[in-house]
Amino acid sequence: MSVEILDGATIRDFVEDERAFNGTVEERFASLDTNCDGLLSYAEMAKELMSLRVLETHFGVDEVRMSPDELVQLYRGLFARFDHDGNGTVDMEEFRAEMKEMMLAVANGLGFLPVQMVVEEGSFLKRAVERESAK
């Protein structure tokens, strides 16, 4: 992890750079596709979905109490966002489209003012910052 400064424009520019964005999408997809069948199952995506930390607020110090069934329902719902055709798997195009939508939502949320943020190595946000720094 590292602390980086970024804004919405940095993320939008990364998403609009098809070579950089698609390369990152393809790398992440390949790392998740453990059986190399060109599709992501719920089992293959579960760890990635859980890493989104959708339940944490205030840097993870708030307690969120959910039953195991509620957690499964939450992560199944996240998976369904990726599985556009509802066939139980996520192909490359579905994955790319949802990652693009998510990244643009983050960009819109950040707006034009730079913010300091902790980002994980190899993450989409880290790649966006690295691309911006290389200009």
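Residues are numbered from 1 along each chain as its sequence is written. Because the model is predicted, local features need pLDDT of at least 70 and side-chain atom pairs count only at pLDDT 80 or more, whereas totals for chains, interfaces and linings use all residues; side-chain values use heavy atoms, with hydrogens and water left out.

The protein contains six helices and four strands, defined as DSSP runs (helices H or I, at least four residues; strands E, at least two) numbered from the N terminus. Along the sequence the elements follow the pattern β-α-α-β-α-α-β-α-β-α. The accessible surface comes to about 8400 Å², with 55% belonging to carbon and sulfur atoms (Shrake-Rupley method, 1.4 Å probe; for residues, only the protein chains shown count as cover). Of the 135 residues, 33% are buried; buried means under 20% relative accessible area, exposed over 50%, and partly exposed in between (1.4 Å probe, protein chains only). Among contacts (heavy atoms within 4.5 Å) with a separation of 6 or more, 71% involve residues 24 or more positions apart.

Ten salt bridges are present, each a side-chain nitrogen of Lys or Arg within 4 Å of a carboxyl oxygen of Asp or Glu. One of them joins Lys126 and Glu4 at 2.5 Å, N to O. Lys126 belongs to helix H6 (residues 124-134) and Glu4 to strand E1 (residues 2-6), so this pair ties together parts that are 122 residues apart in sequence. Both Lys126 and Glu4 are buried. Helix H6 also carries Arg131, which is paired across 114 residues of sequence with Asp17 in the loop between helix H1 (8-16) and H2. The closest N and O atoms of Arg131 and Asp17 are 2.7 Å apart. Arg131 is partly exposed at 21% relative accessibility, as is Asp17 at 25%. A further salt bridge, at 3.7 Å, N to O, connects Glu26 and Arg96; Glu26 lies in helix H2 and Arg96 in helix H5, 70 residues apart in sequence. Glu26 is partly exposed, with a relative accessible area of 38%, while Arg96 is buried at 15%.

Five aromatic pairs were found, with rings of Phe, Tyr and Trp (its six-membered ring) counted as paired if their centres lie within 6.5 Å; planes under 30 degrees apart are stacked, over 60 edge-to-face and the rest tilted. The ring centres of Phe29 and Phe95 are 5.6 Å apart and the planes stand at 65 degrees, so the pair is edge-to-face. Phe29 lies in helix H2 (residues 18-32) and Phe95 in helix H5 (residues 92-110), 66 residues apart, and both are buried. Phe14, Phe21 and Phe124 form one aromatic cluster.

Thr89 occupies the loop between H4 and strand E3 (90-91) and is buried, with a relative accessible area of 19%. Beyond its neighbours within four places in sequence, Thr89 contacts Leu39, Leu40, Phe79, Asp83 and Glu94. Cys36, in the loop between H2 and strand E2 (39-40), is exposed at 68% relative accessibility. Although not a glycine, Cys36 has a positive phi of about 55 degrees. Most residues other than glycine have a negative phi.
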